[in-house]
Amino acid sequence: MIELIVHILLLAGLVISACMVWYMDDLISAAIAFGAFSFLLSLEFLMLQAPDVAIAEAGIGAGLTTAIFVIAIRGTDKDGGCV
Amino acid sequence: MTDIWVLALGLLLLFVLGAMVRLWLGGPTAPDRVVALDAVNTITVCGIIVFGVAFNETVYVDVAIVYALLSFVGTLWLAKYIGGDL
Amino acid sequence: MKNTFQIGILVVCAAAFLMAGLNLSFGGAPAYTDMDDYMLAHGQEETGSNNIVTGVVFDYRGFDTLGEATVLFTVVLGAGLVFRRLGKKEDEYEYE
Amino acid sequence: MVADVIVTICLGLGLLAAGLGVVGILRFPDVYTRLHAETKMTTCGAIFICIAVVVTEAGAYLATGEMQYAVLGLHTVLALAALVFTNAIGAHAIGRAAYRSGVRPDPAVVDRLKGVDIDD
Amino acid sequence: MIENAPFFCAGLLVVIGLVVIVTKKDLIKMVMGLALVEAGGVNLLLVATGYLSGGVAPIFTNAPSTAMVMPTVQAMTLTNIVIGIATTALLLSFVMVISRKYGTRDVTEMRRLKE
Amino acid sequence: MNMSSLVRSGGANIMMPFILVYGFYIVVHGHLTPPGGGFQGGAVIATAVVLLMVAYSRAEVRASVSKNVLKNSETLGLLLFIGTALLALTAGLAFFGNWLLDAGTLFGTPVAFGINPPGDINTGGIIPVLNIAVGIEVLGAMGILLLAMLGGMKGDAE
């Protein structure tokens, strides 16, 4: 029972961060939300007894996805400004 | 003793949701959101360790090491963008 | 009009996915487990690997991994080609 | 059982610290105070939770003599070391980036970095 | 009903990704929606399909028992993650080139014969 | 003007060897431990390279991170992968046949059946070789992708 509650809390966090990606108009905020989404997804994979998938998601989502999105956002800005 | 660890895991996930409130509703600027993301990272590492103890999965702590080693790379990229260095 | 059409399509998609979630069983007994049972029973002696997931990735489904490696190679080729052409055409953006 | 009491107290302290960090994120007025609360308190909570884990695993290892409990404890110590080290770097980077991006502290405090060149 | 929460969550993630792709007009936002579908919905659905309650990870080193979850879906997910990040990077490279050519990221402002 | 921060670069210099060592541990123990395999280890090692890219400015990255090494490592990984699979034909097996299994040579010790807690690294046949090949390839691919995207940005950072 209590494992089910943990599952539901984790999935609620996942859906909330996905909605955050949809809701944010600021692109860098959306990239931050995508990072949080990736972390929680990896914890969910760990809960589902898939440590290989969890570590792949952690390694990919922690550094590489955020890096690619940030580079793309900076590379398509007109002013190259901040915030 | 197992119930204590699972309860701690649930509480940590509640803390993650609390940090996500700052990430979504609050956070007038992007640095606030990066701070909230850092909190999510740290609490998630604690959650993985507690998970490994709660269900007696002895080798899952390796995932926590990878998290702790790698989660700050994303933070550094975001900080570099926000600071205007990139 | 167009907006209503989009919303209708999305509602249909959402209903389809949620109905599919109703009919699946989480953590229960799947309908067909023959292949996985065989891999769990014989995978250790046939592939020599304690980690069955690695055994499946590199031995039973090796062609899958070969295709994945080819996809990765092609992606790198495409990205490098795109940015090199761009750097040649305009002097402002250097690459290389 | 004395080990259970120690574990419970350390776990409670860690959870309390992590919760205070989250409350600090939610309640403080500007970026720098939030950064302060978050980094300090969640790292403190991680330290106490890891102490609880290590005490548990040491007790299990001494009771049963199986190697997997000792491995879990050692890996927990490694994860904690990595976490503590990287949190400091991340906090420094966030604070520096926030100052450079034009976010100033709440007007009630003195901005001591106003004339300083912080480029290096 | 409520035990099937991972499947509902996977379906919701796919729908949210589709909503992002359809309603947003920013190209990077659309790529983010595609990544939500790919990394979130599909992988979560696959891994949740292979889960057996009470099973452990299919690794014979240090496993507590021999009741194990299904390994094939995990292998397929492992392949899918790397392909997902690769295609996302390629799409973002194209977005950078397109944005440099048209001077904007908005899909409604892109016309082929604008100038 | 655009110098790199001292704390950031120093921290990256200290952290990078640990990430590299841990990535190699993940790659080599791919057939034994749960978080093991070529994809994961390659991603972790690639993150070490990405950490170098974030810690220094663009001119320093262009001077220090060699693009040719990453490009060659990617090609080498793919060639090693296909070559190892092709060598099974010489042993009379099919493509992707496990021609090193139980041979007594490298990675050729017969595996102990059932649950064996410490594990033996000298088992697995061609699976550790393929792990290393895929690890090298993922490292090269991710590094060259990030480097290409970083070079494709507008060049007015200074």
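Contact here means heavy atoms within 4.5 Å. This is a predicted model, where local features need pLDDT of at least 70 and side-chain atom pairs count only at pLDDT 80 or more, while totals for chains, interfaces and linings use all residues. Residues are numbered from 1 along each chain as its sequence is written, chains are lettered from A and ligands numbered from 1 in the order in which they are written, and side-chain values use heavy atoms, with hydrogens and water left out.

**View 1. Where chain A meets chain E.** Of the 12 pairs of chains in contact, A and E share the most contacts. On the chain A side 40 residues take part, and they touch 45 residues of chain E. The two chains bury about 3,600 Å² between them, with 80% of that coming from carbon and sulfur atoms; buried area is the accessible area (1.4 Å probe) that two parts lose on being put together, summed over both.

View 2. What counts as a salt bridge is a side-chain nitrogen of Lys or Arg within 4 Å of a carboxyl oxygen of Asp or Glu. That rule finds 1 across this interface, and E:K24 and A:D25 meet in a salt bridge at 3.4 Å, N to O. There are also 6 residue pairs in polar contact between chain A and chain E, both at pLDDT 80 or more. (A polar contact is a pair of N or O atoms within 3.5 Å; within protein, one must be able to donate a hydrogen and the other to accept it, and residues adjacent in sequence count only if both atoms are side-chain atoms.)

View 3. Helices (DSSP runs of H or I, at least four residues, numbered from the N terminus) α1 (2-23), α2 (27-47) and α3 (51-76) of chain A each supply at least two residues of the side that touches chain E. The largest share, 14 residues, comes from α3(A). By type, the residues on this side of chain A divide into 30 nonpolar, 4 polar and 6 charged.

**View 4. A ring pair inside chain A.** Over all chains the structure holds 9 aromatic pairs; rings of Phe, Tyr and Trp (its six-membered ring) pair if their centres lie within 6.5 Å, with planes under 30 degrees apart counted as stacked, over 60 as edge-to-face and the rest as tilted. A:F34 and A:F69 have ring centres 5.4 Å apart and planes at 65 degrees, so this pair is edge-to-face. A:F34 sits in helix α2 of chain A and A:F69 in helix α3 of chain A, so the pair ties together parts 35 residues apart in sequence.

**View 5. A salt bridge from chain B to chain D.** Over all chains the count comes to 4 salt bridges. In the one shown, the side chains of B:D32 and D:R34 meet at 2.5 Å, N to O. B:D32 lies in helix α2 of chain B and D:R34 in helix α2 (residues 31-64) of chain D, so the pair joins two chains.

View 6. Where pLDDT is low, the predicted coordinates should not be read in detail.

Technical notes. Ala, Val, Leu, Ile, Met, Phe, Trp, Tyr, Cys and Pro count as nonpolar, Asp, Glu, Lys and Arg as charged, and the others, Gly among them, as polar.
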